Amino acid sequence: EDAVEAGSVQLDTLPAGNIHVAIDESTLDEPISVTLKRDASAVVSKFLHVLVPRKNRLLLRDWDLWGPLVLTVFLALMLRSSAQEGQKTEVFSGVFFIIWMGSVVVTLNTQLLGGTLSFFQSVCVLGYCILPLVLACMFLKIVPSNMIFRFIIVGIGLAWAIVASYGFVGASSPGSRKALIVYPIVLFYIVLAWLVLND
């Protein structure tokens, strides 16, 4: 009847089904190409969840930071390409810093106000939901436009990013504090939209 301990976890308290699942889903012996293909498929699936917002907790359950990292680097490179020669490095690092530090600050605010998302789930959602703004920036790089047209396209991207993130973050926030949680998220995306608009 003695409990067998692994670190601080007692093995006799774990459901047997979970142990078998963990063993069956081990990926230590699989080829790297299989791992990369599975991760890429998961990232694409999460992009689709942002493009077509719907009630699905996949983005929260299987969080990752690959998609946010790719989007951050891509947006930073696009904004860097149109910066003045002596400011390219500052623009790239500035965009990178704003996105990641902004995500961290908004995430901490969410947790302090009683949100049920974990730290990395929240950062994952905020990072993936910049996709509409990245697409708006890419579109404006390709299509010549005046300021009014740019404002419309960036406005659509901003609204899309806010709606997509609200579907995930808002659903896991206390009703009485939902506005306090969503407000910094809106500000976060407004700052990114302003960077895209003034590119």
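Me: Which residues in α7 do L71, F74, L75, M78, L79 and S81 in α4 meet?
Reply: Bear in mind that this is a predicted model. Helix α4 covers residues 66-81 and helix α7 covers residues 131-142, and the two pack together. The α4 residues you list meet L131, V134, C137, M138 and K141.

Me: How do α4 and α7 sit, roughly parallel or roughly antiparallel?
Reply: Their axes are 10 Å apart, and the packing angle is about 30 degrees. The crossing is left-handed. Angles under 35 degrees count as roughly parallel, so α4 against α7 comes out as roughly parallel.

Me: What span should helix α2 have, and how far apart are its end C-alpha atoms?
Reply: Helix α2 runs over residues 32-51, which is 20 residues. At 1.5 Å a residue, that should span 28 Å. The model agrees, because the end C-alpha atoms are separated by 29 Å.

Me: Where on α2 do the buried residues fall, and which residues on the other side are exposed?
Reply: The buried residues of α2 are V43, K46, F47, H49 and V50. Seen down the axis of α2, they fall within an arc of 160 degrees, so they line one face of the helix. On the other side of α2, the exposed residues are S33 and K37.

Me: Is F120 buried or partly exposed?
Reply: F120 sits in helix α6, residues 119-128. Leaving aside residues up to four places away in sequence, F120 touches W63 and L65. Buried would need under 20% relative accessible area; F120 has 40% relative accessibility, so the call is partly exposed.

Methods. Residues numbered from 1 in each chain as written. Predicted model: local features only at pLDDT ≥ 70, side-chain atom pairs only at ≥ 80, totals over all residues. Heavy atoms only, no water. Helix = DSSP H or I, 4+ residues; strand = E, 2+ residues; numbered from the N terminus. Expected span 1.5 Å × (residues − 1). Buried < 20%, exposed > 50% of the residue type's maximum accessible area, 1.4 Å probe, protein only. Arc of directions from axis to C-beta. Axes fitted to C-alpha atoms, helices over the stretch in contact; angles between N-to-C directions. Parallel < 35°, antiparallel > 145°, perpendicular 65-115°, else oblique. Left-handed = near helix turned anticlockwise from the far one by under 90°. Contact = heavy atoms within 4.5 Å.
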